[in-house]
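Hello,

I am passing on a structure that you have not worked with before. Please have it open while you read, and my notes follow just below it.

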Amino acid sequence: MPITNLEQAVLDRRIEQAVIISEHGYWGLTDLRVLVNADVLIRARDYRSVALRLTDPAKLALALLALDGFVERLLLLSADLADDLAASLSAQFGADAILTDLDGGLTPAVPNRLVWTGPTSAGPDQSPSPKTATEWTLTTSGTTGVPKLVTHTLASLSRTTKGAATAKYRWGQLYSMERFAGLQVFLQALLGGSLVLPGTEWPLPRRLSYLADHECTALSATPTLWRKILMTPASASLAPMQITLGGEIVDDAILGALAARFPASRIVHIYASTEAGVGFSVKDGREGFPVEYLADAPGGVQLKIVDGHLFIRNPAARTIAELDSASSDASFIDTGDAVAVIGERCYFLGRASGVINVGGNKLFPEEVEQVLLAHPAVKQARVWGIKSPITGQLVSAEIVPASQDYAIEELHKILHRYCTDRLEPWKMPAIIRVVDDLEVNAAGKVKRSPQ
């Protein structure tokens, strides 16, 4: 049966173990029952369309529990959005109130502002009945343009959660919870397990130590973030039973590295997006996905490849534009991901919008990244196009070395020879810079070009 109210679904679990663990403490069901009735949350229930922009993930968790079923629409805004963009998205959404723990200068387009700057606090123990099926609206990452608003229901967002089957898992949250991937971790944890919430501003070593100290047994991250985790000494204390990857191309190199470091873990890579929802998962330890998914995809979605692009149909997800249009029936969504069918396997090539044009030849930067990442001297790699007056663009790369044993000049020579043997001349990086680290965006993905 689809889940229609989050608070009720969580309370119906009837377990007294810690459900949420954060710097605020350990919260079980008894704690959550009163914390969701804090005064600021009760006041927020008086509005129809509420935007949430909270830096504290524990407060966001409480807000989602308290408001689902009591307001008609929720908009989840990341705290790292620029104020003018947050205002524009709030206006497009039609928010009549915003709940925030940020101090001033925020979303003047919203008429009512509820500020939650103090600590979490309990209200009276009351359990009013939910009165509506709340729409949850998320923003896309906006990596290829202005973010779009995509509307889900709680039933669609929780479609693939396993409930009691995963009650043994204590999930660690490394994603921003306003993003689709973070929301999936949040819902899976609350509906079947428990959730460890490290501070969002903590450096990665501190977050990993916190997860290990609180016995995190399930962890989800992008391939880029997993590479960072494997390079961080604090990861040696982790002992996950469940590992999931998504958001970027999952290659054999990262799957093999995770299997070697965590041999007892179940490793799954998931294809999902804000617009399409959860598409499918792959559990066979190989990159790509089986070609039979095109005829019969797991999870009730439909897939097809048109002109080299993956299209997905998931009736549960709608963009605001589709909801406002005359024809709002769910249709196939162009994911923007290029896919090639080779034998019995479908392989992701890269984002169609990120193609590098070198003298009329088109190249996915992910192809060069995967070549670089296959060399044992490279732990992280980023490739992008730079302008050239002769060819239009040239290939540029940054790499993070696996160790400090190599001199930079020696590493350049090694990688040049390695790439020459594996890439056509026009695909060769014209520039390879050695850096200490690569920046990732709020979704945990490597930024395609440095700012």
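**What I found**

Cys-216 is buried, because its relative accessible area is 6% and the cut-off for buried is under 20%. Cys-346 is buried as well, with a relative accessible area of 0%. As for disulfides, the structure has zero of them.

Please keep in mind that this is a predicted model. The average pLDDT for the protein is 87, and 91% of the residues score at least 70. One stretch needs care: over residues 319–329 the pLDDT stays under 50, and the model has 14 contacts for them beyond four places in sequence. Where pLDDT is low, the predicted coordinates should not be read in detail.

How many of the five residues of strand S3 are buried? Five of the five are, so S3 (residues 49–53) is largely enclosed by the rest of the structure. Ser-49, Ala-51 and Arg-53 point one way from the strand, while Val-50 and Leu-52 point the other way. Residues on both sides are buried, Arg-53 and Ser-49 among them.

Which strands does S3 pair with? One is strand S4 (residues 73–76), in the parallel sense and over four bridges. In that pairing, Ser-49 stands opposite Arg-73 of S4. To get from S3 to S4, the chain passes through helix H4 (residues 57–67), and this β-α-β crossover is right-handed. The other is strand S5 (residues 97–100), again parallel and with four bridges.

The largest nonpolar core has 53 residues, and the ones touching the most other members are Leu-6, Leu-64 and Phe-186. H4 gives the most to this core, with nine residues.

Leaving aside neighbours within four places in sequence, Phe-186 is in contact with Leu-6, Ala-61, Leu-64, Gln-173, Met-177 and Leu-195. Two of these contacts, Leu-6 and Leu-64, are named above with Phe-186 for touching the most other core members.

There is also a second, separate core, made up of 27 residues. Leu-204, Ala-212, Ala-221 and Trp-226 are included in that second core.

Happy exploring, and best wishes

Technical notes
Residues are numbered from 1 along each chain as its sequence is written. This is a predicted model: local features need pLDDT of at least 70, side-chain atom pairs count only at pLDDT 80 or more; totals for chains, interfaces and linings use all residues. Side-chain values use heavy atoms; hydrogens and water are left out. A disulfide is a pair of cysteine sulfur atoms within 2.5 Å. Buried means under 20% relative accessible area, exposed over 50%, partly exposed in between (1.4 Å probe, protein chains only). pLDDT is the predictor's confidence in each residue, from 0 to 100. Contact means heavy atoms within 4.5 Å. Helices (H or I, at least four residues) and strands (E, at least two) are DSSP runs, numbered from the N terminus. Two strands pair if DSSP finds at least two bridges between them. A crossover is right-handed if, with the strands pointing away from the viewer, the path from the first strand over the helix to the second runs clockwise. A nonpolar core is a set of buried Ala, Val, Leu, Ile, Met, Phe, Trp, Tyr and Cys residues joined through side-chain atoms within 4.5 Å.
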